[in-house]
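Subject: Structure for you to look at

Hello,

Here is the structure to go through, with the sequence beside it. Please open both before reading the notes that follow.

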Amino acid sequence: MSNSFQLDQIPHGFAFTESGALIHYKHTIILTVPPPNAGPWGDVWLSFGCAFADTKLGVSIYVNGSWSGVTPRNIPDGGNRLGEKLAPATQKVLIGRMKMGPADSADDVPVSWLLEYLGT
């Protein structure tokens with residue numbers, strides 16, 4: 001199987017407070033992914049990038065029947081994309097904007113995600 005990818009934008013609006021508490025789920029997206037390293041799929045990589053300002057995302061990954069909890073991902077404006085290899089049993093990924101602090105109001109900074117599937 002050949003390599004494949006999907007990409008899109010993170011919705012505007014804060015989904016999580018700076019401590020990871022949910023503000024509202026309508027500002028999240030969920031990526032349903034084929035299990036990495038199963039069947040025709042090899043490694044699966046998830047990357048984020050932004051422009052105009054540093055941004056923080058809250059990410060929770062569903063693996064082996066449970067969610068990982070919301071963990072922050074700091075996405076730098078002046079740096080490379082942030083990428084991570086997904087665990088073999090990953091089924092779903094929940095993503096939403098997270099406040100950088102109580103006064104953060106920049107909930108519309110352009111942020112995109114890229115999901116890369118590597119063929120076996």
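**The cavity and its lining**

β5 (55–63) and β9 (90–98) each supply at least two residues of the lining of the largest cavity. Strands here are DSSP runs of E with at least two residues, while helices are runs of H or I with at least four residues, and both are numbered from the N terminus.

Before going on, note that this is a predicted model, in which local features need pLDDT of at least 70, side-chain atom pairs count only at pLDDT 80 or more, and totals for chains, interfaces and linings use all residues. Residues are numbered from 1 along each chain as its sequence is written, and side-chain values use heavy atoms, with hydrogens and water left out.

The structure holds 1 cavity of 30 Å³ or more. A cavity is a set of points, on a 1 Å grid over the protein atoms alone, where a 1.4 Å probe fits but cannot get out; lining residues have an atom within 4 Å of a point. Grid points are joined across faces, edges and corners, and the volume is the space filled by probe spheres set on the points. For the largest cavity that space is about 30 Å³.

Which residues line the largest cavity? They are Phe14, Asp54, Thr55, Lys56, Arg97, Met98, Met100, Asp104 and Ala106. Sorted by class, this lining has 4 nonpolar, 1 polar and 4 charged residues. Nonpolar covers Ala, Val, Leu, Ile, Met, Phe, Trp, Tyr, Cys and Pro; charged covers Asp, Glu, Lys and Arg; the others, Gly among them, are polar.

**Rings**

A pair of aromatic rings is described by the distance of the centres and the angle of the planes. The structure holds 1 aromatic pair. Tyrosine 62 and tryptophan 67 form this pair, which is edge-to-face, with 5.1 Å from centre to centre and 65 degrees between the planes. Rings of Phe, Tyr and Trp (its six-membered ring) pair if their centres lie within 6.5 Å; planes under 30 degrees apart are stacked, over 60 edge-to-face, and the rest tilted.

Tryptophan 67 counts as partly exposed because its relative accessibility is 38%. The cut-offs are under 20% relative accessible area for buried and over 50% for exposed, with partly exposed in between (1.4 Å probe, protein chains only).

Tyrosine 62 also has lysine 92 over its face, at 4.2 Å from the ring centre. A charge sits over a ring if NZ of Lys or CZ of Arg is within 6 Å of the ring centre and within 35 degrees of the ring normal.

**A threonine in β9**

Is threonine 90 buried or exposed? Its relative accessibility is 0%, so threonine 90 counts as buried. Threonine 90 lies in strand β9, and its side chain reaches the backbone oxygen of alanine 87 at 2.8 Å.

**Positive phi in two loops**

Phenylalanine 52 is not a glycine, although its phi is positive, at about 85 degrees. The residue sits in the loop between β4 (41–50) and β5. Phenylalanine 52 is exposed because its relative accessible area is 72%.

Asparagine 64 is another residue other than glycine with a positive phi, near 50 degrees. Its place is the loop between β5 and β6 (66–67). With a relative accessible area of 66%, asparagine 64 is exposed.

**Distances along the chain and in space**

These distances run from C-alpha to C-alpha.

- Glutamine 6, in strand β1 (residues 4–9), is 108 residues from leucine 114 in sequence and 5.8 Å from it in space. At 38% relative accessibility, glutamine 6 is partly exposed.
- Histidine 27 is in the loop between β2 (14–16) and β3 (28–32). Its C-alpha atom is 5.9 Å from that of proline 11, 16 residues away along the chain. Histidine 27 has a relative accessible area of 19%, so it is buried.
- Proline 40 is in the loop between β3 and β4. Proline 40 and glycine 119 are 79 residues apart in sequence and 6.4 Å apart in space.
- Proline 34 is found in the loop between β3 and β4. Proline 34 and alanine 103 are 69 residues apart in sequence and 38 Å apart in space.

Regards

Methods:
On a 1 Å grid over the protein atoms alone, a cavity is a set of points where a 1.4 Å probe fits but cannot get out, and a pocket is an open set with protein on both sides within 12 Å along at least five of seven lines; lining residues have an atom within 4 Å of a point. A polar contact is a pair of N or O atoms within 3.5 Å; within protein, one must be able to donate a hydrogen and the other to accept it, and residues adjacent in sequence count only if both atoms are side-chain atoms.
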